[in-house]
Amino acid sequence: MEETIGVTDAAQIPKQRGELLLDSAVRYAEERHWDVFPGTWLEAAEGRERCSCGAEACPSPGAHPARPDWSTQATGSAVGARRMWSKQPKASILLPTGRTFDALEVPESAGFLALARMERMELALGPVTCTPDRRMFFFVLPGAGAKVPELVLKMGWVPSAIDLSIRGEGYYVAAPPTRVGGYGAVQWARKPTAANRWLPDVEELISPLAYACGREAADSRSRRA
């Protein structure tokens, strides 16, 4: 049986959330060689949870960079990750994109439709996350941003007309088990394993993803008509 990140022999023993975050951050750096950096976290205040940034209307409570120079703070060192999360165990785990991977972002409904199609096509997938606000992120090789618009156009779709975007250099994604406000935690739809250590190129996944997003856009227009 393949070992997956976040699953160990001691997985049956409940851990405190801070321990889960620290262990996960260290494993992402150590096993996947992903850069990681700590973001904001959730704090109890007046009977509810609020983002450590202090903003009342924070759009991503507990799951965004805590400082403007976050890109220079990111580390691919397991020792560095352990040190940072030891200082703030509740910090969210954020992964900068455009380095070891880019992320294709789509709505959850389109993402699961595309996943089913990819499995039928027996495509090699990389890790995939699912967020509490019903978005999915497909990890692919860096450089996707320069390719996607032309690929989508060649398939007959107008890029601006479908809900498919790329997170590359200068952006980031939240990694499990980061929790976003009171909405829930980021989860793996496809966990990192030894089998998906080598990421697919965007050309390998764009067809089912664009099709699913295009179908959802068409259905949405039909409902409004």
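In what order do the five strands of the open sheet lie, and is their pairing parallel or antiparallel?

Modeller: Happy to. This is a predicted model, so local features need pLDDT of at least 70 and side-chain atom pairs count only at pLDDT 80 or more, while totals for chains, interfaces and linings use all residues. Residues are numbered from 1 along each chain as its sequence is written, and side-chain values use heavy atoms, leaving out hydrogens and water.

The order is 8-5-7-6-12, with antiparallel pairing. Strands here are DSSP runs of E, at least two residues, and helices runs of H or I, at least four, numbered from the N terminus; two strands pair if DSSP finds at least two bridges between them. Strand 8 (165-167) and strand 12 (187-190) are the edges, each pairing on one side only. On average, neighbouring strands are turned by 30° against each other, direction ignored.

Now to helix 4 itself, residues 108-120. Its buried residues are Glu-108, Ala-110, Gly-111, Ala-114, Leu-115 and Met-118, where buried means under 20% relative accessible area with a 1.4 Å probe, protein chains only. Down the axis of helix 4 they fall within an arc of 150°, so they line one face of the helix; the arc is taken from the directions from the helix axis to the C-beta atoms. Helix 4 is followed by Glu-122, whose phi is positive, near 55°.

Met-118 leads us inside: among the 26 residues of the largest nonpolar core, Met-118 is one of those touching the most other members, a group also including Leu-104, Phe-138 and Val-148. Such a core is a set of buried Ala, Val, Leu, Ile, Met, Phe, Trp, Tyr and Cys residues joined through side-chain atoms within 4.5 Å. Elements giving two or more residues to this core include strand 5 (102-107), strand 7 (135-140) and helix 5 (144-154), while the largest share, seven residues, comes from helix 6.

Notes. Expected span 1.5 Å × (residues − 1). Buried < 20%, exposed > 50% of the residue type's maximum accessible area, 1.4 Å probe, protein only. Axes fitted to C-alpha atoms, helices over the stretch in contact; angles between N-to-C directions.
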